[in-house]
Amino acid sequence: MLGQVAVGEKSNEIPAARELLQLLDLDGVIVTMDALHTQHDTAALVTEAGGDYVLTVKADQKPLYAQLKALPWASIPAVTRTDRGHGRRATRTIKVVDVPEWIEFTTAAQVAQLRRTVTRKGRRTVEIVYLITSADAHTAPPALLATWVQSHREIENRLHWVRDVTFDEDRSQIRTGNAPRVMAGPRNTAITLLRLDGRHNIAAALRHHARDTDHPINLLLTA
């Protein structure tokens, strides 16, 4: 966790994300963001700061989504990877092509179709998403682009889930004023310190450090 910015009560995540991006050094950085942030101004902010973006395009972004969906994906070579674990098999197939001239999106270099097929207990689900990125084919070949997208999805498990469940944030009674933002800071810091310490299971790591009342992480959590 590198930083946090509160979303205004009468606003949404878009301006908050731009404010946060301006606080960070983006030179040489790959920025992955949810579909809400597939905005021209956000894309420009990233590339002008020396980074590259990878953005998701969903059906509610009708013109861009329709353009990407209409591309001749059947004739484009695919790169496929299958992973097994946690009782499931996940196959990811990605097809990438240089952005056509008639698709106008700020500094876009490539577009992609990513198909995820997950089989769990004999049940198969298929999800198709479209991507747009400022990284060119040399910087982001298909396999690497797929890895970036998969890493973005891990944020849900490695951060949001940990805060919601391990830190029991969903049931917190601290909900007014700046208090939720203030409390999020120590939690994010603790998670970051444990990740930097090589801990994969945050709950187990917290139990371990709880036995050492003088450990900096424990002091941070009990402050």
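Buried residues make up 38% of the 223 residues in the protein chain, where buried means under 20% relative accessible area, exposed means over 50%, and partly exposed lies in between (1.4 Å probe, protein chains only). The model is a predicted one, in which local features need pLDDT of at least 70 and side-chain atom pairs count only at pLDDT 80 or more, while totals for chains, interfaces and linings use all residues. Residues are numbered from 1 along each chain as its sequence is written, and side-chain values use heavy atoms, with hydrogens and water left out.

From the N terminus on, the order of elements is α-β-α-β-α-β-β-β-β-α-α-α-α. The C-alpha trace spans about 60 × 45 × 30 Å along its principal axes. The accessible surface of the chain is about 13800 Å², and carbon and sulfur atoms hold 51% of that area; areas come from the Shrake-Rupley method with a 1.4 Å probe, and for residues only the protein chains shown count as cover. Among contacts (heavy atoms within 4.5 Å) with a separation of 6 or more, 48% come from residues 24 or more positions apart.

The chain carries 28 positive and 25 negative side chains, and the centres of the two sets lie 12 Å apart. Lys and Arg count as positive and Asp and Glu as negative, whereas His and the chain ends are not counted. Each charge is placed at NZ of Lys, CZ of Arg, CG of Asp or CD of Glu.

The interior comes next. In soluble globular proteins, nonpolar side chains tend to be buried together. Here a nonpolar core is a set of buried Ala, Val, Leu, Ile, Met, Phe, Trp, Tyr and Cys residues joined through side-chain atoms within 4.5 Å. The largest such core has 24 residues, of which Tyr 53, Leu 68, Phe 105 and Ile 132 touch the most other members. The elements giving two or more residues to this core are helix 1 (13-23), strand 1 (30-33), helix 2 (40-48), strand 2 (52-57), helix 3 and strand 6. A second, separate core of 13 residues includes Leu 131, Leu 145, Ala 146 and Val 149.

Several residues show how these parts meet. In helix 2, the residues Thr 42, Ala 43, Ala 44, Leu 45 and Val 46 are buried, and the buried residues of helix 2 pack against helix 1, strand 1 and strand 2. Just after helix 2, Gly 50 takes a positive phi of about 95°. Leu 64 sits in helix 3 and counts as buried because its relative accessible area is 12%. With residues up to four places away in sequence not counted, Leu 64 touches Thr 38, Val 57, Ile 103, Phe 105 and Ile 132.

Strand 6 also holds Thr 133, which counts as buried because its relative accessibility is 2%. Apart from residues up to four places away in sequence, Thr 133 touches Tyr 53, Val 54, Ala 108, Ala 109, Gln 110 and Leu 145.

What about the aromatic rings? A pair of aromatic rings is described by the distance of the centres and the angle of the planes. Rings of Phe, Tyr and Trp (its six-membered ring) pair if their centres lie within 6.5 Å; planes under 30 degrees apart count as stacked, over 60 as edge-to-face and the rest as tilted. The structure holds 3 aromatic pairs. One of them joins Tyr 65 and Tyr 130 edge-to-face, at 5.4 Å centre to centre and 85° between the planes. This pair links distant parts of the chain, since Tyr 65 lies in helix 3 (residues 62-69) and Tyr 130 in strand 6 (residues 123-133), 65 residues apart. Both Tyr 65 and Tyr 130 are buried. Trp 73 and Tyr 130 form a tilted pair, with 6.0 Å centre to centre and 35° between the planes. Tyr 65, Trp 73 and Tyr 130 form one aromatic cluster.

The C-alpha atoms of Ile 191 and Leu 159 are separated by 7.7 Å, although the two residues are 32 residues apart along the chain.

Key: Helices (H or I, at least four residues) and strands (E, at least two) are DSSP runs, numbered from the N terminus.
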